[in-house]
Amino acid sequence: MELRHLRYFLTVAQTLNFTKAAERLNIAQPPLSRQIRELEQEIGIELFKRLGRRIFLTSAGQVFADRARSILSATDAAVVDSQRAARGEIGHIAVGFFEHIAYTLLPPLLREYQQRFPAVTVELRWFTSAEQVNALTRGDIDLAFVRSIPPDADLNSALVLEEPFYVAIAKDHPLATKRQISITDCAPLRVINYKKDVAPDYHAIISQLCAYAGFAPSPLFEVGQIYASLGLVSSGFGVTLVPASVQQVHMNNVVYRPLREALPKSKLILAWKDPAPSAALNAFVQLAEEIAARRPPTRRSDTNRKS
């Protein structure tokens, strides 16, 4: 039995006339009658009662018609849904994110993605930046924001954003009057670092920059999140380095100054494991790149800077 047999049968059941049904189907009447007889022989029941030129659905034919309509409706829906899935309009993606993405790139990305693809379910799962790759390899998530990918990780990736570091410093600190701050300016200060097991890339960058200037951040002053470091900066406890996008975070008594050293830069990468990702996942990555590209150029000074 093929789907065309069901369509032929339903057309005859609707018109109760082989000639009219054949015209509607744009086929000759004899082949149509033959197809219906073959269908009845295949399922072993009489679907139509024939009285001269008049035909009527049997009770079995009425049941078959109901089921046939459901089958064709489900088939049509399957075609439409598969086409929508191919365009990334429906589906499900589980996205891993870490702290500072939640208040920089992620909000506009989620807002626009949900506007464009309202039928795609986006599941958000928080992990530390160091744990994102492990979550991907375990299959806990489909897609993850990461800062780096180990060379031995079998992952696909796209570089979404690359941005310079800024120095977060108390507004009332004398260094805050500078347009730019060098890492060497921070040598006499308490430089707040990030925990190696939570943000190994940032921990290494800050340690290397400080070593370049001839000093080392104290291991006694390490935090797990950017918000925690900004809180300490606000109290005048020390200074820290943050990606330029963190300037969006407004905290009392904290200002941001460009780091004079041009390198290194903070990288934001989207990574996924599936070698044949869904259209919904591809659309998420493309939109992330699009939104990141819209970001205004990094400011080289701060509006709160003292004159």
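User: Is Ala-60 buried, partly exposed or exposed in this model?
Analyst: This is a predicted model, in which local features need pLDDT of at least 70, side-chain atom pairs count only at pLDDT 80 or more, and totals for chains, interfaces and linings use all residues. Residues are numbered from 1 along each chain as its sequence is written, and side-chain values use heavy atoms, with hydrogens and water left out. Buried means under 20% relative accessible area and exposed over 50%, with partly exposed in between (1.4 Å probe, protein chains only). Because its relative accessible area is 31%, Ala-60 is partly exposed.

User: Which residues does Ala-60 touch, not counting residues up to four places away in sequence?
Analyst: Ala-60 is found in helix H4, residues 59-86, where helices (H or I, at least four residues) and strands (E, at least two) are DSSP runs numbered from the N terminus. Ala-60 and Phe-48 are twelve residues apart in sequence, and their C-alpha atoms are 8.7 Å apart in space. With contact taken as heavy atoms within 4.5 Å, and residues up to four places away in sequence not counted, Ala-60 touches Ile-45, Glu-46 and Leu-47.

User: What is the bridge partner of Phe-48 in E2?
Analyst: Strand E1 (residues 48-51) and strand E2 (residues 54-57) run antiparallel and are joined by four bridges, where two strands pair if DSSP finds at least two bridges between them. In the hairpin of E1 and E2 there are two residues between the strands, and Gly-52 takes a positive phi near 65 degrees. The bridge partner of Phe-48 in E2 is Leu-57.

User: Which helix gives the largest share of the lining of the second largest pocket?
Analyst: The second largest pocket is lined by 13 residues, with Ser-129, Ala-130, Val-133, Ser-148 and Pro-150 nearest its centre; on a 1 Å grid over the protein atoms alone, a pocket is an open set of points where a 1.4 Å probe fits, with protein on both sides within 12 Å along at least five of seven lines, and lining residues have an atom within 4 Å of a point. Helix H6 (132-138) and helix H7 (200-212) each supply at least two residues of this lining. The largest share, four residues, comes from H6.
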